[in-house]
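Student: I would like to learn how to read some features of a protein model. Please take them one at a time.

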Amino acid sequence: LVVGGPCNVGPGMVVGEELAETIRSHLDLQRETPNAKHTKKALKYYTSLASRAVSCGFAVDIFACSLDQVGLYEMKVLADKTGGYMVMSDSFSMGVFKDSFRKMFDCDENGYLQLGFNAKIEVFTSREFKCCGAVGGLSSLGKKSPAVAETEIGEGGTCQWVAGSLDKNTTMAFYFDITNQTAGAMPNNKQSYLQFQTSYLHPSGRKRLRVTTLSHRYTDANMADIVTGFDQEAAAVIMARYAVFKCENEDPLDVLRWVDRMLIRLVSKFADYRKDEPSSFNLMPELSIFPQFMYHLRRSNFLQTFGTSPDETAYYRTIILRENTMNSLVMIQPALLQYSFEEGPPQPVLLDTCSLKPDVILLMDDFFHVVIWRGEKIQAWKDKGYDELEEYANFKTLLQAPANDAKQILGDRFPVPKFIQTNAGGSQARFVTSKVNPSNGGMGGATDSSTVITDDVSLKVFMEHLIKLAVQS
């Protein structure tokens with residue numbers, strides 16, 4: 001589906017034909033104002049279309065290019081249930097659309113599309129644990145088995161799912177629950193078994209089956225050895241997906257509180273501390289950056305709707321539900337690289353206001369945008385044209401380095417990100433300033449020249465509150 005404007009006739013309409021009628025915003029949806037009068041009917045219609053596509057084994061890809069909203073919020077269910085792609089851009093003439101569309105048809109060395117179609121994924125577990133559900137670009141097939149848990153997370157109540165299409169980056173999250181959680185119910189050193197069977201249609205017309213079997217040892221009742229095998233990056237993404245999925249049916253504010261409660265429970269269970277003594281708090285290295293990921297998740301566009309349209313929120317949420325761990329982490333906590341004369345090769349720096357220095361160039365990647373940010377001093381030299389002069393060849397090299405790295409990111413990623421160049425104080429510097437931790441300037445922080453004025457608390461204040469709550473008796 002290639003769409004350049006909102007549907008304004010028929011059962012899928014999201015806005016009327018009158019130009020005076022404004023398309024719905026988040027506030028309209030919350031308060032059910034007249035602007036949102038078409039939304040419920042449209043959602044019902046697109047959900048029925050999604051069910052028809054799923055039963056036929058189709059994937060619905062959506063390319064939406066428009067300066068205003070086109071109704072992605074209502075159509076999101078089509079891509080979510082069928083595993084189809086979703087690409088959003090301002091215009092069909094931009095690289096985001098052109099390059100993403102071209103990449104979709106890339107072939108391997110044998111001339112086949114690099115996709116799998118009508119995929120079915122089935123889960124088998126040993127008796128001690130069961131599957132609560134899955135979150136990703138898939139739909140439940142409603143197949144019952146002893147591996148199905150009573151608690152549902154995401155697409156639950158089944159041991160088999162269908163996805164209209166898969167590519168090499170498609171990632172699904174599966175959630176499991178222990179059957180008997182009473183202390184001493186599990187014999188020591190017992191192994192659990194888990195198997196995934198994925199069958200799909202290869203573009204050559206052949207059906208392929210991939211079987212993945214895993215085995216893990218159970219921990220003892222006090223979970224002493226669980227931390228040593230804790231993958232905090234995967235855990236952050238699993239939490240993010242669960243939180244984003246909950247936002248479909250719950251108020252984002254309630255979801256934020258739920259994320260906070262889960263984080264407090266985790267650190268109070270596994271950290272070392274003496275009751276009611278925040279100064280004694282210590283978190284193992286395997287858990288130490290998990291709270292930081294949760295801090296950035298709380299501020300992200302996945303849970304915060306302020307300043308974004310329902311279409312943008314729908315797009316961001318659809319993408320995080322299906323990307324791999326590394327890409328999802330970049331969405332939650334963007335990567336920041338610093339280029340300067342002193343440092344030599346680019347250095348990863350903290351996603352913090354203290355990194356916004358006048359004499360450096362920063363490259364920020366948040367998956368959806370790749371931003372080159374130039375400090376005041378660098379921008380002033382560029383405005384004076386120093387990069388054109390032979391004696392300042394090293395300055396020209398410095399300016400080109402981030403551009404070359406950005407080009408590589410744009411070439412490797414799908415959907416292709418939007419490329420932005422800006423400078424300190426420039427109108428588009430907001431892409432960087434909205435993501436950095438306001439270590440100076442936020443609520444309860446000092447202020448100076450690199451201040452970002454925001455109502456958000458800084459990571460330091462967030463951690464202080466977390467520790468205080470975790471050590472409470």
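Student: Where is Thr305 found?

Tutor: This is a predicted model, in which local features need pLDDT of at least 70 and side-chain atom pairs count only at pLDDT 80 or more, while totals for chains, interfaces and linings use all residues. Residues are numbered from 1 along each chain as its sequence is written, and side-chain values use heavy atoms, with hydrogens and water left out. Thr305 sits in the loop between helix H7 (290–299) and helix H8 (310–320); helices (H or I, at least four residues) and strands (E, at least two) are DSSP runs, numbered from the N terminus.

Student: Is Thr305 buried or exposed?

Tutor: Buried means under 20% relative accessible area, exposed over 50%, and partly exposed in between (1.4 Å probe, protein chains only). Thr305 has 19% relative accessibility, so it counts as buried.

Student: Which residues does Thr305 touch?

Tutor: Contact means heavy atoms within 4.5 Å. Leaving aside residues up to four places away in sequence, Thr305 touches His26, Gln30, Thr313 and Arg317.

Student: What is the order of the strands in the open sheet?

Tutor: Two strands pair if DSSP finds at least two bridges between them. Here five strands form an open sheet in the order S14-S13-S15-S16-S17, and the pairing is mixed. Strand S14 (347–348) and strand S17 (418–423) are the edge strands, each pairing on one side only.

Student: Which strands run parallel, and which antiparallel?

Tutor: Strand S16 (residues 369–374) and S17 run parallel, joined by six bridges, with Trp373 opposite Thr422 in S17. S15 and S16 run antiparallel over five bridges, and Leu363 has Ile372 in S16 as its bridge partner. Strand S13 (residues 335–339) also pairs with S15 in the antiparallel sense, over five bridges; there Ala335 stands opposite Asp365.

Student: What is found in the hairpin of S15 and S16?

Tutor: Three residues lie between the strands, and Phe367 takes a positive phi near 80°.

Student: Which way do the side chains of S15 point?

Tutor: In a regular strand the side chains alternate between the two faces of the sheet. Ile361, Leu363 and Asp365 point one way from S15, Leu362 and Met364 the other way, and all are buried. Because five of the five residues of S15 are buried, S15 is largely enclosed by the rest of the structure.

Student: Which helix packs on the sheet?

Tutor: Helix H10 (residues 376–383) does, touching strand S15 (361–365), S16 and S17, and its direction makes about 80° with that of S16. Axes are lines fitted to C-alpha atoms, for helices over the stretch in contact, and angles run from 0 to 180 degrees between N-to-C directions.
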